[in-house]
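This briefing covers cavities, aromatic contacts and strand pairing. Please view the structure below alongside the notes.

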Amino acid sequence: MARITRTWLNLGASVAALAAAPAHAQDGTVADAQATTAAEQAAEETGDVVVTARRREETLIDVPIAMSVVSGDALTKMGAVDITALQDKTPNLTLQIARGSNSTLIAFSRGVGQQDPLWGFEPGIGLYIDDVYVARPQGAVLDIFDVQRVEVLRGPQGTLYGRNTIGGAIKYVTKRLGNEFAGQARASYGSYDQVDLIGQVTVPVTDTLSVGAAIAKYWRDGYGRNLTTGADQYDKDVLAARVSAEWSPTTDVFVRVAGDRTLDRSNPRHGTRLQGNGTDPRYAPTRSVYDTRAGIGDDNRVLAQGVSVTGEFGLSDMLTFKSISAYREGSTNTVIDFDNTALPTLDVPAEYDDWQFTQEVQLLVEADRLQGVVGLYYLDANASGAFDTVLGLLNTTTLTSGEVRTKSYAAFGDLSFDVTERLKLSGGLRYTRDDKRGTVFRRNYTGIRSPQFGNAGAVPGLIRTDYTNDRTFDAFTPRVSISYEPVTDVNVYASWGQGFKSGGFDMRGDAVFTPTTVNGYEPERISSYELGMKGAFLDRTLFVNLAGYYSRYSDQQVTVQVPNVAGGIASFVDNAGKADIYGLELETRIVPTRNFSAQASFGYTNADYKQFLTFIGGGTTPVDVADQRVFQNTPQFTVNASFTASTDFAGGTLSVTPDVALRSDYSLFEIPTPALDQDGYVLANASANWLSGDGKYRVGVALRNLTDARYRVGGYNFPGALFGNSIIGYYGPPRTATATMEVRF
């Protein structure tokens with residue numbers, strides 16, 4: 001299957017390289033060539049936003065779920081090149097590129113997520129590409145091309161999405177191709193010799209069959225330098241492609257075959273030292289936070305690819321059958337220099353591999369008073385890898401390797417009933433069962449690196465961990481809501497739902513330090529209450545979404561890694577115990593005239609541990625350290641505000657959009673670390689775009705981080721002389737400017 005996938009995708013990428021133009025909604029006359037559903041046509045007339053949060057088309061106001069929607073066109077105009085820009089537009093959301101990587105996604109929403117991207121760990125925010133679940137975070141920092149919109153669902157989505165959506169879901173949605181020839185080419189040049197080249201095309205083959213292709217190439221020099229090797233730091237070298245074919249012989253039949261491939265050859269991010277190690281100049285911090293002295297090398301390669309087949313078949317006026325089949329795979333070869341020096345004081349070469357097959361079937365119901373979906377879901381996946389932990393001052397290496405095989409089964413249903421024209425009830429239930437087999441192996445070697453990473457002369461020593469174990473985890477996750485429309489275009493709702501994230505095995509687990517690691521860790525669970533209001537006011541010139549929530553979070557999975565006096569690093573996944581989370585979210589959009597619009601969002605999160613049990617430092621007896629722990633990557637406040645002013649200019653429309661985004665203080669780990677924790681900061685951005693009157697041409701300029709703020713998005717904390725007093729940080733992008741030219745045809 002993997003060989004077939006690679007052959008198909010390589011062929012598709014070659015086809016895409018010969019083409020250029022779009023598969024998502026456009027402005028002006030170009031939009032007329034795109035496929036438009038009945039719901040979208042109605043929305044264009046009323047100003048509503050159409051979403052598929054409940055696996056069917058609805059307007060945003062009608063959905064009793066706290067969610068944000070950002071169009072691909074809006075993201076492109078603001079200069080965003082990947083989905084991490086969503087954190088500046090969405091309340092209570094953290095999306096970052098993982099520490100030490102370029103394309104691994106770290107996601108948190110309302111305090112719930114997962115920072116550790118090691119194989120075998122499950123994300124807390126589910127990522128979907130056109131309803132296909134992406135199980136691994138590697139290669140999940142999706143670039144903004146060939147996308148109609150991104151939907152961000154907040155809170156547990158345990159009924160409709162189920163698997164590991166305990167904190168929410170992010171849906172990357174592309175538009176159907178339609179049956180008209182259309183195309184787009186976009187070129188950008190910016191700071192640090194940034195060059196982006198993007199092309200998309202839709203070609204009708206027959207009246208019922210269309211093919212589409214998209215390709216994107218991203219280059220950029222680094223924001224900093226590796227002072228030891230001379231290589232760029234924080235550079236970008238990514239090639240991505242998507243191809244698809246859509247067949248619709250009748251209005252009741254739609255079939256899409258799609259493939260995507262992303263290859264990231266950017267240099268690894270080694271971070272920067274935040275503290276020295278005595279008076280030794282080799283360990284001194286660099287002048288720029290984007291520079292490093294890492295000596296482990298600059299080899300890095302991340303590949304993510306997949307194919308999917310989606311079919312929709314109308315069985316009657318009320319029933320539609322849908323099938324989603326998909327296969328994905330990925331591989332990563334990288335290096336992390338934890339000491340950030342030319343010496344191998346604390347170095348980690350690593351490799352990861354994963355594959356997954358998913359099959360989902362749905363029966364959608366659309367009657368006069370009853371709407372919803374019932375379905376079945378199956379996942380078969382394997383994640384494996386290996387890495388060395390090199391302690392150069394001791395001339396020792398610990399090899400860690402292993403894999404996790406997962407088979408997941410689920411049955412679900414979610415139905416809404418119109419009690420009256422204004423009152424609606426909705427309820428859902430999902431049963432999930434995960435069968436997991438984990439294998440973990442750890443061994444000491446004398447020498448710099450183990451045989452697996454090139455040192456055939458390394459002397460084998462103590463086997464620290466060597467086990468294979470099986471666990472089964474299952475759960476019922478219900479959801480209920482009530483919606484009431486007191487007046488036209490205002491929806492008030494209350495909901496309650498539960499979420500579940502599967503347990504598993506710690507791939508770093510050291511059975512010498514923590515013997516109970518062989519038993520694995522338990523699932524996470526959350527129970528969440530939400531009150532909300534969505535509405536359009538002032539003759540549909542003002543749109544307001546407001547939500548308040550309260551969640552009980554139990555058995556949170558927290559990875560703890562601490563230096564050990566015996567000369568190693570102890571790792572354990574704690575089920576932290578209990579926590580209360582509550583907060584508020586407000587999103588507003590005002591459009592008083594065709595030449596002016598403004599939007600603002602506000603998020604507040606209060607997350608507090610009531611119990612935090614850990615084995616580290618407690619041997620086989622857990623210790624409650626709740627008063628010493630905080631939620632990571634969870635600022636108490638997030639604020640965003642922007643406006644767009646436009647005017648007729650040179651036969652087209654010139655628009656200007658300034659925006660600001662504020663995030664309050666946050667900790668990078670559950671254990672507060674003053675040297676790493678990030679103070680609150682503000683990012684100021686601005687963009688200007690000229691669009692021709694026929695919608696075919698666009699010229700834009702985007703300015704990001706105008707004040708050149710420095711803010712940490714990740715870090716590691718391994719203090720002590722043995723580890724080179726390794727406290728390192730990773731930073732968000734500096735001030736940049738990008739100019740773009742785009743043509744649509």
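Two rings of Phe, Tyr or Trp (its six-membered ring) count as a pair if their centres lie within 6.5 Å, and planes under 30 degrees apart count as stacked. The model is a predicted one. A search of the whole structure for such ring pairs returns 29, and a search for cavities of 30 Å³ or more returns 16.

**Aromatic pairs**

- Tyr609 counts as buried because its relative accessible area is 6%, under the 20% cut-off.
- Phe631 has a relative accessible area of 5% and is therefore also classed as buried.
- Elsewhere, ring pairs join Tyr192, Tyr223, Tyr234, Tyr290 and Tyr731 into a cluster.

**Charges over rings**

- Arg464 is placed over the face of Phe513, 4.8 Å from the ring centre.
- Arg629 is placed over the face of Phe612, at 5.3 Å from the ring centre.

**Second largest cavity**

- The volume of the second largest cavity is about 300 Å³.
- Its lining comprises 25 residues, of which Asp130, Thr174, Arg242, Arg256 and Ala258 are the closest to the centre.
- Sorted by class, the lining holds 10 nonpolar, 7 polar and 8 charged residues.
- At least two lining residues come from each of strand S13 (209-220), strand S16 (236-247), strand S17 (253-264), strand S19 (301-314) and strand S20 (319-337).

- Side chains alternate along strand S40 (residues 736-744).
- On one face of S40, Thr736, Thr738, Thr740, Glu742 and Arg744 are buried.
- Strand S11 (residues 182-190) runs antiparallel to S40 and is joined to it by 7 bridges.
- Strand S37 (residues 697-704) is likewise antiparallel to S40, with 8 bridges between them.
- Thr740 in S40 is the bridge partner of Ser188 and also of Gly700.

Definitions and conventions: Residues are numbered from 1 along each chain as its sequence is written. This is a predicted model: local features need pLDDT of at least 70, side-chain atom pairs count only at pLDDT 80 or more; totals for chains, interfaces and linings use all residues. Side-chain values use heavy atoms; hydrogens and water are left out. On a 1 Å grid over the protein atoms alone, a cavity is a set of points where a 1.4 Å probe fits but cannot get out, and a pocket is an open set with protein on both sides within 12 Å along at least five of seven lines; lining residues have an atom within 4 Å of a point. Grid points are joined across faces, edges and corners, and a volume is the space filled by probe spheres set on the points. Helices (H or I, at least four residues) and strands (E, at least two) are DSSP runs, numbered from the N terminus. Ala, Val, Leu, Ile, Met, Phe, Trp, Tyr, Cys and Pro count as nonpolar, Asp, Glu, Lys and Arg as charged, and the others, Gly among them, as polar. Rings of Phe, Tyr and Trp (its six-membered ring) pair if their centres lie within 6.5 Å; planes under 30 degrees apart count as stacked, over 60 as edge-to-face and the rest as tilted. Buried means under 20% relative accessible area, exposed over 50%, partly exposed in between (1.4 Å probe, protein chains only). A charge sits over a ring if NZ of Lys or CZ of Arg is within 6 Å of the ring centre and within 35 degrees of the ring normal. Two strands pair if DSSP finds at least two bridges between them.
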